[in-house]
Amino acid sequence: MNRISVVYATKTKHSKKLAEAIGKALNVTAVDVRTSTVPRAAELLFLVGGIYAGKSSPELMRYVEGLDVNQVKKVVLVTSSASTASRKQPEVYSLLTEKGVEVLEEISCPGSFLWLSFGHPNTVDLEEASARAKKIAAGL
Ligand SMILES: Cc1cc2nc3c(=O)[nH]c(=O)nc-3n(C[C@H](O)[C@H](O)[C@H](O)COP(=O)(O)O)c2cc1C
């Protein structure tokens, strides 16, 4: 079993950037959910995705539906969104907790959409998210 894995779903590449920054900080390769439809076992999984019309990515939801608590015990949910009002993913969170997977923390990161939060995620956003991820991983 991998100790840590990082999986992302993205439409406009912000989550990819974010997942790759986190992966780099943790020394693991971030994987696109589209190339990893069968969930892989990990002690701690970082799940990274954006918010679209107020909802999580359906691809990320499908991935979580396929997860088993025997494969993944702990998850950190990382959310990229334009509005500060939607920087959590309640549907993904519920799905995980119903399965018995512990959600250790939700990390939020500014994304952008048209003029909203334009220019994000920027270098500082990526550094902050990866520093937080590193701290969580160190506490395993
Ligand atoms: C079609 C679409 C709908 C979006 N809807 C929302 C929304 O409802 N709330 C919000 O805060 N951000 C919204 N956004 C902004 C994205 O959540 C933000 O850009 C995020 O960083 C996208 O991640 P991604 O690049 O990995 O796809 C939307 C973006 C797109 C492209």
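Helices (H or I, at least four residues) and strands (E, at least two) are taken here as DSSP runs, numbered from the N terminus. Along its principal axes, the C-alpha trace spans about 40 × 30 × 25 Å.

The model is a predicted one, in which local features need pLDDT of at least 70 and side-chain atom pairs count only at pLDDT 80 or more, while totals for chains, interfaces and linings use all residues. Residues are numbered from 1 along each chain as its sequence is written, and side-chain values use heavy atoms, with hydrogens and water left out.

Turning to the ligand, it sits in the largest pocket. A pocket is an open set of points on a 1 Å grid over the protein atoms alone, where a 1.4 Å probe fits, with protein on both sides within 12 Å along at least five of seven lines; a molecule sits in it if more than half of its atoms lie within 2 Å of its grid points. The ligand is surrounded by 19 residues (a heavy atom within 4 Å), and the closest are Thr 12, Ile 51, Tyr 52, Ser 80 and Ser 112. In this shell, five residues are nonpolar (Ala, Val, Leu, Ile, Met, Phe, Trp, Tyr, Cys and Pro), two are charged (Asp, Glu, Lys and Arg) and 12 are polar (the others, Gly among them). At least two shell residues come from each of α1 (14-26), β3 (42-52) and β5 (72-81), with β3 giving the largest share, three residues.

Oxygen atoms of the ligand lie 2.6 Å from an N or O atom in the side chain of Thr 10, 2.8 Å from a polar backbone atom of Gly 54 and 3.2 Å from a polar backbone atom of Lys 13. Taken alone, the ligand exposes 630 Å², of which the protein buries 84% (Shrake-Rupley method, 1.4 Å probe).

Lys 13 is also worth a look for its backbone: it lies in the loop between β1 (2-8) and α1 and has a positive phi of about 75° although it is not a glycine. Most residues other than glycine have a negative phi, and most peptide bonds are trans. The peptide bond from His 120 to Pro 121, however, is cis, with omega near 0°; Pro 121 is found in the loop between β6 (102-110) and α4 (123-138).

Note on methods:
Polar contact = N/O pair within 3.5 Å; in protein donor to acceptor, adjacent residues only side chain to side chain. 1 Å grid on protein atoms, 1.4 Å probe; cavity = no way out; pocket = protein on both sides within 12 Å on 5 of 7 lines; lining within 4 Å.
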